[in-house]
Amino acid sequence: MVAVNDEAPITGAADDLYVLTAVVGASGVLGRLATPARRDQAQDYRLTLGGLTSRRLGDSDEHLHWLNRDDLAVGDRVTIHIVDTTQASVPAERSPAE
């Protein structure tokens, strides 16, 4: 379960879920001695919540994507709770696993 600031949490879960990832990423000039790749390069903060199914032989697996945000900023609070639940948020996107 992932939440940003005081927004409603999003729960990544599925009956056939095998992999679940929550990733907070940052890029750009983050350290005092870092050199930007471009003069206009800004800091970039992002958050993803995704997973991969593991289905019976013959059933196609899918990548599930619940959250893909690139609008985070300094001061935002990202909360990740590990929960055991059968109540999942609807994935925003599904794509075939190859």
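This is a predicted model: local features need pLDDT of at least 70, side-chain atom pairs count only at pLDDT 80 or more; totals for chains, interfaces and linings use all residues.

Reply: A strand, as the word is used here, is a DSSP run of type E with at least two residues, and the strands are numbered from the N terminus. Residues are numbered from 1 along each chain as its sequence is written, and side-chain values use heavy atoms, with hydrogens and water left out.

Arg 69 counts as buried because its relative accessibility is 16%, where buried means under 20% relative accessible area, exposed means over 50%, and partly exposed lies in between (1.4 Å probe, protein chains only).

If residues up to four places away in sequence are set aside, Arg 69 touches Val 4, Glu 7, Tyr 45, Arg 46 and Leu 47, with contact meaning heavy atoms within 4.5 Å.

Strand E4 is part of an open sheet of 4 strands, ordered E2-E3-E4-E6 and paired in the antiparallel sense. At the edges stand strand E2 (17–27) and strand E6 (93–96), each with a single partner strand, so one side of each has no neighbour in the sheet. On average, and with direction ignored, neighbouring strands of this sheet are turned by 20° against each other; the axes are lines fitted to C-alpha atoms, and angles run from 0 to 180 degrees between N-to-C directions.

Two strands pair if DSSP finds at least two bridges between them. Strand E3, residues 44–53, is joined to E4 by 7 bridges, and the two run antiparallel; Leu 52, for instance, has His 63 as its bridge partner in E4. E3 also pairs with E2, again in the antiparallel sense, over 10 bridges, and here the partner of Ser 27 in E3 is Asp 44.

Strand E3 also holds Thr 53, which is buried, with a relative accessible area of 2%. The side chains of Thr 53 and Asp 61 are joined by a polar contact of 3.2 Å, while a polar atom of the Thr 53 side chain lies 2.8 Å from the backbone nitrogen of Glu 62. Apart from neighbours within four places in sequence, Thr 53 is in contact with Asp 16, Leu 17, Tyr 18, Asp 61, Glu 62 and Leu 64.

Some loop residues complete the picture. Leu 30 sits in the loop between E2 and E3 and counts as partly exposed, at 45% relative accessibility. Beyond its neighbours within four places in sequence, Leu 30 is in contact with Gln 43 and with Tyr 45, the tyrosine that Arg 69 touches as well. From Leu 30 to Gln 41 the separation is 11 residues in sequence and 11 Å in space, C-alpha to C-alpha.

Asn 5 lies in the loop between strand E1 (2–4) and E2, and its phi is near 50°, a positive value in a residue other than glycine. With a relative accessible area of 26%, Asn 5 is partly exposed. Gln 87, in the loop between strand E5 (78–80) and E6, counts as exposed at 61% relative accessibility. Gln 87 and Leu 64 are 23 residues apart in sequence and 15 Å apart in space, C-alpha to C-alpha.

Notes:
A polar contact is a pair of N or O atoms within 3.5 Å; within protein, one must be able to donate a hydrogen and the other to accept it, and residues adjacent in sequence count only if both atoms are side-chain atoms.
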